[in-house]
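Please walk through this structure from its strand pairing to its core. The account starts with a term and then turns to the chain.

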Amino acid sequence: QVQLVESGGGLVQAGGSLRLSCAASGSISAINVMGWYRQTPGKQRELVADSFSGGSANYADSVKGRFTISRDNAKNTVYLQMNSLKPEDTALYYCSLTVLRNTYWGQGTQVVVSS
C-alpha cells in the first residue's frame, strides 16, 4: 500500500512564494515518477510538473520559470517550489506517484493566491 502525504499549502499574496512537500511511504520501486497536479472546480486535473527518478522533469507552460520541482529519492519525497505566484495558480494541488503503471494520489493541499 502506497500513501502520499502533502503539506505546505496556504494563502499567499500575488508575487509570493510557497513550497509544497509530499512524502511517499509503502512499497515503492526505485524507478518512478513523482509529480504535482492541480485542479479547480469544474475543470480537469492538470499536470503542473513531474520528475522522473532518473532526474528529468517536465513543466506545464504556465509555470515554467516560476515553479521548480525537486525530489529526495532517499526519502521518497518530492517538493514544488512556487515563486511569483499568480491568482490563477489558485487550486487544489495533488501529489502523484506512478510506479509500474499504477498512479497513486495524495489527499490534496489547497493553494490560494490573493490579488
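Two strands are said to pair if DSSP finds at least two bridges between them. In this predicted model, A23 stands opposite T77 in β8. The two strands β3 and β8 pair in the antiparallel sense, and 6 bridges join them.

That pairing belongs to a wider arrangement. An open sheet of 4 strands runs in the order β1-β3-β8-β7, with antiparallel pairing. The edges are taken by β1 (3-7) and β7; each has a single partner strand, so one side of each is left without a neighbour in the sheet. On average, neighbouring strands of this sheet are turned by 15° against each other, direction ignored.

The chain as a whole can be described next. Its secondary structure comes to 0 helices and 11 strands. A compact globule of 115 residues would have a radius of gyration near 13 Å, and the protein chain agrees with this, at 13 Å. Along the principal axes, the C-alpha trace spans about 40 × 25 × 20 Å. Of the 115 residues, 41% count as buried. Among the contacts with a separation of 6 or more, 52% come from residues 24 or more positions apart.

The structure holds 1 disulfide, formed by C22 and C95, with their sulfur atoms 2.0 Å apart. Because C22 lies in strand β3 and C95 in strand β9, the pair ties together parts that are 73 residues apart in sequence. The torsion about the S-S bond is about -80°, so this disulfide is left-handed. How accessible are its two cysteines? C22 has 0% relative accessibility and counts as buried, and C95, at 0% relative accessibility, counts as buried too.

The nonpolar interior comes next. In soluble globular proteins, nonpolar side chains tend to be buried together. Here the largest nonpolar core has 27 residues, and those touching the most other members are W36, V48, F67, L80, M82, Y93 and L97. Two or more residues of this core come from each of β3 (18-25), β4 (33-39), β5 (46-52), β7 (67-72), β8 (77-82), β9 (91-99) and β11 (109-114). The element that gives the most is β9, with 5 residues.

Which residues does Y93 contact, leaving aside its neighbours within four places in sequence? They are E6, L20, W36, Y37, R38, V48, F67, L80, M82, G108, T109 and V111.

S51 is found in strand β5. Is S51 buried or exposed? The cut-off for buried is under 20% relative accessible area, and S51 has 5% relative accessibility, so S51 counts as buried. Beyond its neighbours within four places in sequence, S51 is in contact with N32, V33, M34, S56, A57, I69 and R71.

N102 gives a contrast in accessibility. This residue lies in strand β10, which covers residues 102-105. At 41% relative accessibility, N102 counts as partly exposed. N102 and I31 are 71 residues apart along the chain, and their C-alpha atoms are separated by 12 Å.

Note on methods. Residues numbered from 1 in each chain as written. Predicted model: local features only at pLDDT ≥ 70, side-chain atom pairs only at ≥ 80, totals over all residues. Heavy atoms only, no water. Core = buried A, V, L, I, M, F, W, Y, C linked by side-chain atoms within 4.5 Å. Buried < 20%, exposed > 50% of the residue type's maximum accessible area, 1.4 Å probe, protein only. Contact = heavy atoms within 4.5 Å. Axes fitted to C-alpha atoms, helices over the stretch in contact; angles between N-to-C directions. Disulfide = S-S within 2.5 Å. Rg over C-alpha atoms; globule rule 2.2 N^0.38 Å.
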